[in-house]
Amino acid sequence: MILFLAARPVVAPPATRPVVAPPAAPPPGPGPAVPPGSERRPAPRPGPGRAPGGRRGALFAPYRRLFGVPGALAFTLAALPARLATSMLGVSNVVMIALVRDSYALAGAVSATGVAATAVASPLLGRLVDRHGQARVAVPAALVFAVGVTAMLLCVRYDAPAWALFLCCAGSSGLPSTGAMTRARWAALHRDDGAARHTANSFEQVVDEVCFMGGPVLAMVLCTALFPEAGLLTAGVLMTAGTLLFAARRGTEPPVAPRPAAGAAGGSAPLRVPGFPAVLVVFLATGTLFGSLEVATVAAVDTLGAGAASSPVLALQAAGSCLAGLVFGALRPARHPAAGLAAGTCGMALGVLPLTAAGSLPVLAVLLFVAGMATAPTMVSGMSLVHRLVPAARLNEGMTTAYTGLLAGIAAGAAAGGHAVERLGAPAAYWVPAAAGALAAAAALPGLRRTTRSR
């Protein structure tokens, strides 16, 4: 994060004052004499924080400008329930099945099936959104999702065979990414304003962090304090309602871009765009870091004798990312997002290394907070790079594909982290996220050089 703060000025610097010529001397003639010392003096400059360009107001000025666009706040609030539900689904399924069927193996297998189905369906749904519009795809997908969740709840309640759980979980995994659709709306609203898009991407990353801080905890509390199906039931209602509310905000929906002819410029699938495969590798490695870091942290906290504190300690990492994201969004965007992505991945890799030697809970908490500060700038730079690389007619597909890589990496990282905890113990298991961070940096540094050229 220090690399970013040192390299960029605030987005809204104070405007340079024009040079004003002194007033001409009055012509000679009769008139009242001006007593000495009573000449007009310049007005005192306002103190800090009072002027619009002051340092205190400059940090939030880009966000005020962002939400000054009509309809921006409405579609952001409408999407929040669905985005919170996204962070609840995985935990809700695992806890529900584990409590009812008394089998974490079955719960993990069903959850993995849902992840695999999402990885296959999301890019396809993103392509449909690009071709037909957000509302025409999101509304029927939300209804299919609601049917799938209802079927899952009934199967769990009435003790259906295990194969039915796999079918229901796969059937309820086909929803277009709400986060990708909100980012596409910002990109359309500010297509000619790179600074505003940068601020919007930073804000979106902060929203993701907040949702993934609160969503899993809420799901866990609902499943254990009320009844096992409460988490999935709540997530299903929030997801369906939020998606429908978001789709209803048609005033800010991006227009459907005309489909280019086959082989024409702008018609290539994201994976065929030069530079995009390297970005996808970075997202995959970054997801592996996230997944393994979470498992290693739970094990480390338990080893230190404070297992109940694992959730608050993990929340500190997300809090560091939120703080960095807000500040990063108020800074002038990098000329080349590839440079920001390379710096961010290096920061993540270096930030994880001290965790391997954390010997107490307070030290671990502080180190996680600091390590988390590289997350938001990395993700924002990555999504900005996707926006630059991918043709406008395939933007939703490109962003969804990148998120699919991140999701697959999280699943793989969780498995690798669990294996490392069993073989190495904690905190030695932190070498897995450190290796994933090094892989992300290795992919970002040499593999993205050609992406510094504008699209």
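Analyst: Happy to. H8 gives the most to the lining of the second largest pocket, with three residues; helices here are DSSP runs of H or I with at least four residues, numbered from the N terminus. This is a predicted model, in which local features need pLDDT of at least 70 and side-chain atom pairs pLDDT 80 or more, while totals for chains, interfaces and linings use all residues. Residues are numbered from 1 along each chain as its sequence is written, and side-chain values use heavy atoms, without hydrogens and water.

User: What is the volume of the second largest pocket, and which residues lie nearest its centre?

Analyst: Rolling a probe the size of a water molecule over the atoms shows where empty space is left. On a 1 Å grid over the protein atoms alone, a pocket is an open set of points with protein on both sides within 12 Å along at least five of seven lines, a cavity is a set where a 1.4 Å probe fits but cannot get out, and lining residues have an atom within 4 Å of a point. The second largest pocket has a volume of about 410 Å³, the space filled by probe spheres set on the points, which are joined across faces, edges and corners. Of its 20 lining residues, Ala188, Arg191, Pro254, Ala392 and Leu395 lie nearest the centre. Helix H5 (104-132), helix H8 (178-189) and helix H16 (395-424) are the elements giving two or more residues to this lining.

User: How many cavities of 30 Å³ or more does the structure hold?

Analyst: Two. The largest cavity, with a volume of about 70 Å³, is lined by Arg183, Trp186, Ala187, Arg197, Ala200, Asn201, Met383, His387 and Met399. The second largest cavity has a volume of about 40 Å³, and Leu289, Phe290, Leu293, Gln317, Met348, Val352, Ala371 and Thr375 line it.

User: Now the helix pair: how do H6 and H10 cross?

Analyst: Axes are lines fitted to C-alpha atoms over the stretch in contact, and angles run from 0 to 180 degrees between N-to-C directions. The axes of H6 (residues 134-157) and H10 (residues 230-248) come within 9 Å and cross at roughly 165°. H6 and H10 are therefore roughly antiparallel, the class for angles over 145 degrees.

Key. Parallel < 35°, antiparallel > 145°, perpendicular 65-115°, else oblique.
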